[in-house]
Amino acid sequence: MNRFEGGSREAKIRYLDADFQILSPGSYVTCAITGQPIMIDELKYWSVARQEPYVDATASLEAEKRAGALPNQKR
């Protein structure tokens with residue numbers, strides 16, 4: 001799907017291991033950490049466990065820290 005197929009609305013996505021499934025078409029999703037829009041064709045980082053997207057690796061790492069999901073991290 002390119003950025004023009006979904007219009008300017010937010011997509012609903014099911015995040016899978018190494019892939020994702022578009023449940024409701026849209027042109028972007030919103031980063032769970034930063035609130036920034038992420039174009040669907042630029043989406044590279046997400047959590048299957050938490051079903052949320054991230055704009056970049058830094059945001060993904062922050063989400064792991066907040067979830068207490070890093071090795072040797074106290075919960």
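Predicted model: local features only at pLDDT ≥ 70, side-chain atom pairs only at ≥ 80, totals over all residues.
By the same criterion, the buried residues of α1 are Ala 59, Ser 60 and Ala 63. Viewed down the axis of α1, these buried residues fall within an arc of 100°, so they line one face of the helix. The cover over the buried residues of α1 includes β5 (45–47) and β6 (52–54).

The chain contains one helix and six strands, arranged from the N terminus in the order β-β-β-β-β-β-α.

The largest nonpolar core comprises 11 residues, namely Ala 11, Ile 13, Tyr 15, Val 29, Cys 31, Ile 38, Ile 40, Leu 43, Tyr 54, Ala 59 and Ala 63. Two or more residues of this core are contributed by each of β1 (12–16) and α1 (57–67). When neighbours within four places in sequence are set aside, Tyr 54 is in contact with residues including Cys 31, Ile 38, Leu 43, Trp 46, Ala 59, Ser 60 and Ala 63.

For the chain as a whole, residues 24 or more positions apart account for 27% of the contacts with a separation of 6 or more. The accessible surface of the chain comes to about 5000 Å², of which 48% belongs to carbon and sulfur atoms.

Terms used:
Residues numbered from 1 in each chain as written. Heavy atoms only, no water. Core = buried A, V, L, I, M, F, W, Y, C linked by side-chain atoms within 4.5 Å. Buried < 20%, exposed > 50% of the residue type's maximum accessible area, 1.4 Å probe, protein only. Helix = DSSP H or I, 4+ residues; strand = E, 2+ residues; numbered from the N terminus. Contact = heavy atoms within 4.5 Å. Arc of directions from axis to C-beta. Areas by Shrake-Rupley, 256 points an atom, 1.4 Å probe, with all protein chains shown as cover.
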